[in-house]
Amino acid sequence: MERPLILPSPGRLAFRALVLAAFALMLAPVLTVMVISLFRQEIVSFPPSGLTLAWYVNAWERQEFARGFGTSLQVALLAAAVGVPLGTAAAFALVRGRPRGGSALSTLLLGPLAVPGVVAGTALYMFYLRAEFWLDRDITSTLEGLVAAHVLLTIPWTVRLVTASLQGMDRAAEEAAANLGARPLTVFRRVTLPAMRPGIIAACLFSFIQSFENLELSLLLVGPGRTTLPVAMLNYLEFRVDPTLAAVATVQILLVGVLMLVTDRFVSIARTV
Amino acid sequence: MAALVLPAGLLVTLLLVAPMLLLFRISLNEYSPTEMMVEATTAANYLRAVADPYYRSVLGTTLAVATGSTLLALVLGFPAAYWLARMQGRWKSLATILVLFPLLVGNVVRAAGWLALLGNGGAINAALLGLGLVAAPLPLLYNTGAVVAGIVAVVLPYMVLTLSAIIESIPRQTEEAASNLGARPMTVFRRVVLPLALPGVAAGSVLVFVLCMNTYASAVLLGGPRFKMMAPAVYDQFVRGNNWPFGAALAFILLGITLVLTVAGSAVLGRRYRRRETEERA
């Protein structure tokens, strides 16, 4: 790190203390959860009487967590699989096609980020109940219902990230390829698509994680036997926090960490955000 | 080409716009204990929410907590964002990932972390007891302070990333020029960095304020049973109260107040920025 700020020592000290406080506040809860998942005693207290990995086995044997993990994984994969292609196509059309009413369209597509999760979740719940009545089939507490709701999360993230990567691209490369005789489809496949790649990869990561971690939108749409992991964790946490729950949380933290590291090998995450 | 927008646009219309319209329609209906809901066109649900002292206090708590948390996030986030923006090379990507990582780890996981930190047997009380600083565990959990700590931790990454993006765009030479001309560091901050970073301050504060207003997990888990904010109150109406019209009205009050305050907030901050720009040009 280079000189962070031109400050005399008391000021610099205060500055450093604030920076440290901010990072501590952001990271402390994450680190604490990881640490207590290893504690031997069931009632959390410091210092631990010993360390064990037994709670991870215990967590996996608890049906609500194992099934919640499975549901969340399924929902997040399907939502990303639907939302990322749709969002990518929309972002491409918005940047390149410059359609009339383009800014209204992009406001619409980014809309799901502006509406609070609990509000959107209750609206969808009411909508699903009405649709169930018309179509005479279950939608709330089904996999399709959850996936449809979560697609709503993946579209704005994809549009935002892919738009950024398209706007940062130099169009001269496309023109050069066309001038050298490449057909439009070849230009798209060999020049445009590679330029969009970092945005698309980042969109996959963010879409998956946003869906996997989502609580508010899912609260009313889950049902008996089909609960997402965050909802299962919330229900458990209303009664207690123990190493079993910490183990579930740690698995989630590690999953996010691994996904970030893998993605970072393809695109620099620090630069796409 | 425009056809490529259609699938995504239609999906968002079907799954967000249509449900929101339906929810608004429901907020004008009447509640009936026997039939659940009676078709009507009345503002009674909105009036009840505004008149009822309980919901007024819920709204007051929500506004106070959101404002306080936003200010705290700004004060804590600015130095961290500056530090991040002025970093270079490998360390910078590492620090950015350290900010991004807690953001991507969900709210519930982080709330669990706060429960383990602040509880009676938690890390902080254990440390204080162990050092002999307190005789009995401090009641750190289930109060407004715990909720604010939880919320600030959740929103800080957004604030830091928004601010550091704009601070990065401020050329370092402007700061060096000011300090070479004899400005003290605080003056450089007040007269150069802060004015140039105002659009980021506005954008970050608005984004964070909206997130704070809609806090769910931190409020439910860290605030305890008697602490109530708007988002959990909306949810309760649908799950426990079964009063859909009233819950829908609460949802739209929350949405409306958030929208009005964010538009007003960005207008005020935006105008200050523009005024400064014209002053500088003159």
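User: What is the handedness of the crossing of α3(A) and α8(A)?

Analyst: This is a predicted model, so keep that in mind throughout. The crossing of α3(A) and α8(A) is right-handed.

User: What else describes such a pair of helices?

Analyst: Two packed helices are described by the angle between their axes and the distance between the axes. Here helix α3 (residues 63-97) of chain A packs on helix α8 (residues 184-213) of chain A at about 140°, and the axes lie 8 Å apart. That angle makes α3(A) oblique to α8(A).

User: Which residues make the contact of α3(A) with α8(A)?

Analyst: From α3(A), they include Ser72(A), Ala76(A), Gly83(A) and Gly87(A). From α8(A), they include Ile200(A), Cys204(A), Ser207(A) and Phe208(A). By class, this contact has ten nonpolar, six polar and no charged residues.

User: Now a pair across the two chains. At what angle do α6(A) and α1(B) pack?

Analyst: Helix α6 (residues 143-167) of chain A and α1(B) pack at about 125°, with axes 10 Å apart. They are therefore oblique to each other. Their crossing is left-handed.

User: Which residues of α6(A) and α1(B) meet?

Analyst: α6(A) brings Ala148(A), Ala149(A), Val151(A), Leu152(A) and Ile155(A). α1(B) brings Ala8(B), Leu11(B), Val12(B), Leu15(B) and Leu16(B). The classes are ten nonpolar, no polar and no charged.

User: How is chain B built, in terms of helices and strands?

Analyst: Chain B has twelve helices and two strands. The C-alpha atoms of chain B fill a box of roughly 75 × 65 × 40 Å along the principal axes. Now look at sequence separation: among contacts in chain B between residues at least 6 apart, 71% join residues at least 24 apart.

User: What share of chain B is buried?

Analyst: Buried residues make up 45% of its 282 residues.

User: How should I read a nonpolar core, and which residues have the most contacts inside the largest nonpolar core?

Analyst: First, the general idea. In soluble globular proteins, nonpolar side chains tend to be buried together. In this model, the largest nonpolar core has 174 residues. Leu237(A), Ala112(B), Val152(B) and Leu156(B) have the most contacts inside it. α3(A) gives the most to this core, with 15 residues.

User: What does Val152(B) contact, beyond four places in sequence?

Analyst: Val152(B) is in contact with Leu25(A), and also with Ser69(B), Leu72(B), Ala73(B) and Leu76(B).

User: One last residue. Is Gly247(B) buried or exposed?

Analyst: Count the C-beta neighbours: 20 or more within 10 Å make a residue buried. Gly247(B) has 27 inside 10 Å, so Gly247(B) counts as buried. Gly247(B) lies in helix α12 (residues 244-281) of chain B.

User: What does Gly247(B) touch, not counting residues up to four places away in sequence?

Analyst: Gly247(B) touches Thr122(A), along with Val234(B), Gln237(B), Phe238(B) and Gly241(B). Asp236(B) is eleven residues away along the chain, and its C-alpha atom is separated from that of Gly247(B) by 8.0 Å.

Methods
Residues are numbered from 1 along each chain as its sequence is written. Chains are lettered from A and ligands numbered from 1 in the order in which they are written. This is a predicted model: local features need pLDDT of at least 70, side-chain atom pairs count only at pLDDT 80 or more; totals for chains, interfaces and linings use all residues. Axes are lines fitted to C-alpha atoms, for helices over the stretch in contact, and angles run from 0 to 180 degrees between N-to-C directions. Helices (H or I, at least four residues) and strands (E, at least two) are DSSP runs, numbered from the N terminus. Angles under 35 degrees count as roughly parallel, over 145 as roughly antiparallel, 65 to 115 as roughly perpendicular and the rest as oblique. A crossing is left-handed if the near helix is turned anticlockwise from the far one by less than a right angle, and right-handed if clockwise. Two residues are in contact if their C-beta atoms, placed from the backbone, lie within 7 Å. Ala, Val, Leu, Ile, Met, Phe, Trp, Tyr, Cys and Pro count as nonpolar, Asp, Glu, Lys and Arg as charged, and the others, Gly among them, as polar. A nonpolar core is a set of buried Ala, Val, Leu, Ile, Met, Phe, Trp, Tyr and Cys residues joined through C-beta atoms within 7 Å. A residue is buried if 20 or more other C-beta atoms lie within 10 Å of its own, exposed if 12 or fewer, and partly exposed in between; C-beta atoms are placed from the backbone.
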